[in-house]
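Please look over the sequence and the model shown here before reading on. The report then takes up a sheet and a group of charged side chains.

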Amino acid sequence: MKNITLLCMLFLSVCAYANPTENVAARHGTISGRVIDASLNQPLPYVNVIIKDSNDKTITGGITQDDGTFQIENIPEGEVTLSVQYIGFKTLKKVLTISKDNYTINVGDIYLEEDIASLDEVTVVAEVTTIQQKVDRKVITIGKDLTTSGPTAGDIMNNLPSVNVDQQTGNISLRGNENVRVMVDGKLSNVPIAQLLKQIPSTSIKQIELITNPSAKYNPEGMSGIINIILHKNTTIGFNGNINVGLTKEIFAKFNSSIDMNYRNGKFNFYGNYGNNIGQYANYGEIERIDSETTQAFDFGNKNKSHLYKVGVDFYMNDNNTVSFFTNQNLFNGIGEGTTAVQFPNQPLQLQNFNNDTENVVSQYNGIYNHKFNKEGEKIDLEVDYSVFEQDEVANFKFTNIPFPPNYVDFVNTNRDQTVVNLDYTNPLDDKTKLEVGAEARLFETNIDYNSTGLSVNPIQDAIPNNGDEFIGTPSTDFVYKRDIYSLYATFGKTFEKWSYQVGVRAETVTEDASALSQSENGLENNTFENDYIQVYPSAFATYSPSEKNTYQMSVSRRVDRPGLQQVNPIREWSTPLVSSFGNTNLQPQFTNSVEFNYTRNLENGSVTGGVFFRLVEDEINRAVFIDRLDINKNILTYDNFENTTAFGIELSSNYRPTKWWSLNASFDLFARKQKGIAETLTQPLDVATANDIERSTIEVDNIVYNLRWFNNFKVTKQLNLSIFTMYRGEEKGLQFTRKPMFMLNTGLRYSFLEDNRATFSFNYSDILNTMKFEFEGDRPYPQVGEFNWESNTWNVALSYRFGGGKYRALQRKNRDDNEKSGSGGFM
């Protein structure tokens, strides 16, 4: 009885607020209509319909029914604004007039379009992956079809247009270039890319953005662009969530699971998720040296455990102010084991056995304050992001029939701190003009301590091992690298008739300091490096839409690729009996000038996008291959700056639904690239050569590469879907070797069941022909052929379940005027 009385009092209060001291005789109007999903042409239930007066003050509102219809009554006379709002869709507004001539208005069908920029607000996973071409990026919304490709982000990446992942190194490339920056929820990660892709569960990914020509608003790093991984975050009213479990196996089993939850009521939205990857991985391969008739055989394995925790809260203070906070905690442990066997003619088999134990913890803390001004679209955002990366590695190396070096243990401790502060202001000067300005500070510092129990040749001696050299303990090294960047940016955009454009500029001042302090028996040695510079990065975009079916786009930009930490780190990254890899502390940044043209044709059942691009790279950073002066039978891989290079290419992609039961995504890209590098060769046969017989030269490689991807989804019934995916990667010439073509064919099925198809079972069989191999041949610095293999011929089973939501969620929604998210999630 008390509850009924309270509800009645609240209802009377609302009525009194909506009609304060009005003339009792005043007439009230009614507005009705139906809301339709523009892409699916289906009714949208539970959509917010808001009525506001001329001062943008809310008068009343309601929600649509199951069939998408709505009817709002008791609307006072005068000019009002009808606002239709739904998470993941663009808000639609109409100005209407309630008068004695028209008290009852039926607006008919209202078509809402998806808002890709805000789709991270919705956690429900789409059935089929979709690709949408924007002015400066491709937006891939990850469906259940791709999440069955494998347990990690790296497994998904190879299925995306223009993206390739090297299965041996984990390096990622965009348009054939590895100088790409990977962000998570719009933030650069503190974790090395190869490791990052292994640690993010595929089921935690909502979208992936391929930003090939970013505007001045974005950080200018990455020669070939930015790959932005957007994780799920839900702000739906009520309690909602998803749970996913999966198992993948070829040689070893790999288990992954995740759970995403949120609770929103009133002014607070609480959310959290947990994801993990636990499994064992195998890689194996062989390299044959033609000149010395030497064979290297590799057999590597990893046992990895990754746990990702994320919790956050959004506080909606009022209609104009929102405060958000979240933290990510990622715990990783990896145990690696491997054997490298080297067979020289008429000699005992030489073996290098290693095992390493790696543990790291990544902690991120992010706070955002968002303020909306009274003017529609005018806002200011302040964001502070702080992350810490701590890693300890212990690596044991043991040798059989190898005279040097003796067995040893490496200890590597890594600590990184990164602080980013962003201040952004957006002001729509009018309906067709927008101004954005902002400032950013990025402070980065890393400290790597390296100690070893091994021996090294005394650098004072100029000799080759095993010829009476003097040996000393391997020097311990403390490498410190700092980089502080302060930047300002401004962009101005305008739309008129069928044209729109945006111009922008970003100015940055950069300070870099590096110090490698080595302690050995010969004393203390300190190698330092400093680099301060100021750069300006302009950008411009133009769009012409002569009709709804045709859109033309053009963009130009200048970008920078600052040397990555592994590229400047002088501490040995990895080593085999014949190859060692080091960074180059003296690397300078490279700059890229890009031009792109794109055309999009909207069809009745899909769209087709084609584009061309050209880029000029100044002071290109690339691999350098040297012969080890201490043992001319070994190689050293490092990096260096080279002269200007060019690249150009074309891209085609399409989403199309030939029938109601068949949909497909297809993409084709072709690029031509000129690479320059440094390589060394011996002028004498290996058995008589010395360090004096080494000749260095600059090499140049012209390369044309093409890739084809084709994904088909067949809807057998309302619950059952079948899929087929194929990929062909053409031959690619590199500075060291030529990679042979690669081909893969996958198939799978998905079955949805339970009420509202809340549960989904999926099965995916990857590389069913077992053709994915990394085969290569080369002659720098020695003639060689080789092949690497990994667990590509895998089967995957997964089960997902969505809970919460439904009509209960919709009933809770009607108490909210605006469910649009003001904060954003993040990772690392």
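Predicted model: local features only at pLDDT ≥ 70, side-chain atom pairs only at ≥ 80, totals over all residues.

Residues are numbered from 1 along each chain as its sequence is written, and side-chain values use heavy atoms, with hydrogens and water left out.

Strands (DSSP runs of E, at least two residues, numbered from the N terminus) pair if DSSP finds at least two bridges between them. Four strands form an open, antiparallel sheet in the order β4-β3-β6-β7. Because β4 (58–63) and β7 (92–98) stand at the edges with a single partner strand each, one side of each has no neighbour in the sheet. Strand β6 (residues 78–85) is joined to β7 by seven bridges, and threonine 81 stands opposite valine 95 in β7.

Side chains of opposite charge can pair when their charged atoms come close. A salt bridge is counted when a side-chain nitrogen of Lys or Arg lies within 4 Å of a carboxyl oxygen of Asp or Glu, and by this rule there are 13 salt bridges. Among them are these:

| Salt bridge | N to O distance |
|---|---|
| Arginine 442 – glutamate 440 | 3.5 Å |
| Arginine 506 – glutamate 440 | 2.9 Å |
| Arginine 506 – glutamate 508 | 3.2 Å |

Arginine 506 in strand β29 (residues 499–520) and glutamate 440 in strand β25 (residues 433–452) are 66 residues apart, so that pair links distant parts of the chain. Both arginine 506 and glutamate 508 are buried (under 20% relative accessible area, with exposed over 50% and partly exposed in between, for a 1.4 Å probe and protein chains only). Salt bridges with shared partners join Glu440, Arg442, Arg506 and Glu508 into one network.
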